[in-house]
Amino acid sequence: MNRIGISIYIFLLLSTIYLKQGESSQHSCGIDGTWKNDLGSYIDISCGDGTIFGVYRIPVSSGVDSYDFAGKYIVTGKNGEDRIVAFLVPWNNPNCTGNSNSTSSYTGIYFSSEGIIYTHWILTGYKEWASRWATNLIGHAIFNRTTNVIKS
Ligand SMILES: *[C@@H]1O[C@H](CO)[C@@H](O)[C@H](O)[C@H]1NC(C)=O
Ligand SMILES: *[C@@H]1O[C@H](CO)[C@@H](O)[C@H](O)[C@H]1NC(C)=O
Ligand SMILES: *[C@@H]1O[C@H](CO)[C@@H](O)[C@H](O)[C@H]1NC(C)=O
């Protein structure tokens with residue numbers, strides 16, 4: 001190999017190593033995994049670079065209703081072990097309830113010391129303009145880590 005050949009070879013080698021590291025860091029952001037809330041619903045969280053995506057699962061009499069969601073997080077807290085996280089769940093899945101004309105946005109904090117994500121949410125449901133004062137509900141949800149996984 002001549003000099004240019006060697007340079008290209010080293011460049012490709014380093015790129016591969018860099019990409020491998022990037023890939024593995026995408027799979028762990030501190031909050032990836034399965035969580036259960038105080039009303040018995042589950043969320044599965046996967047991580048990208050500053051982003052999260054996942055599935056919100058609600059047990060119902062006929063099985064499990066599931067909804068895709070997406071969000072963002074930032075690293076915070078002592079030693080960078082906690083996270084501030086926000087995600088949006090459109091209640092729309094043709095496989096179960098269809099379009100419920102509503103979304104919930106969750107915003108909260110992951111406390112690594114407690115292993116919980118402590119959130120508040122606002123649910124916006126469609127209303128006619130004249131009833132717009134009634135478009136939002138606000139609530140509170142705590143998600144605990146769980147190894148129990150339910151599938152739709
Ligand atoms: C979540 O964890 C807290 C603190 O350990 C506990 O009090 C609560 O009952 C748990 N909730 C659920 C749904 O497991
Ligand atoms: C609906 O079900 C199909 C078939 O199982 C699946 O491919 C698709 O991803 C589901 N859609 C949603 C929004 O979950
Ligand atoms: C959602 O809105 C559409 C009209 O845009 C309506 O046909 C449908 O019944 C609504 N769904 C629910 C669950 O309210």
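Let's start with one pair of strands. Strand β3, residues 51-60, is joined to strand β4, residues 63-76, by 10 bridges, and the two run antiparallel. A word on terms. Strands pair if DSSP finds at least two bridges between them. Helices (H or I, at least four residues) and strands (E, at least two) are DSSP runs, numbered from the N terminus.

Before going on, the ground rules. This is a predicted model: local features need pLDDT of at least 70, side-chain atom pairs count only at pLDDT 80 or more, and totals for chains, interfaces and linings use all residues. Residues are numbered from 1 along each chain as its sequence is written, while chains are lettered from A and ligands numbered from 1 in the order in which they are written.

Look at Phe 53: its bridge partner in β4 is Ala 70.

Next, β4 and β5. Strand β5 covers residues 82-93, and it pairs with β4 in the antiparallel sense over seven bridges. Gly 71 has Phe 87 in β5 as its bridge partner. How many residues lie between β4 and β5 in their hairpin? Five, and Gly 77 in the turn has a positive phi of about 85°.

Further along, β6 and β7. Strand β6, residues 98-111, runs antiparallel to strand β7, residues 116-125, with 10 bridges joining them. Here Ser 105 has Ile 122 in β7 as its bridge partner.

Now the whole chain. It has one helix and eight strands. What do the eight strands close into? A barrel, in the order β1-β2-β3-β4-β5-β6-β7-β8, with antiparallel pairing. The twist averages 30° from one strand to the next. That angle is between N-to-C directions, from 0 to 180 degrees, with axes fitted to C-alpha atoms.

Two totals. Buried residues make up 16% of the 152 residues. Buried means 20 or more other C-beta atoms within 10 Å of the residue's own, with C-beta atoms placed from the backbone. Of the contacts with a separation of 6 or more, 35% come from residues 24 or more positions apart. A contact puts two such C-beta atoms within 7 Å.

Last, the ligand. Which residues surround ligand 1? Lys 36, Asp 38, Ile 116 and Asn 144, each with its C-beta atom within 6 Å. That shell divides into one nonpolar, one polar and two charged residues.

Note on methods. Buried ≥ 20, exposed ≤ 12 C-beta atoms within 10 Å, placed from the backbone. Nonpolar A, V, L, I, M, F, W, Y, C, P; charged D, E, K, R; others polar.
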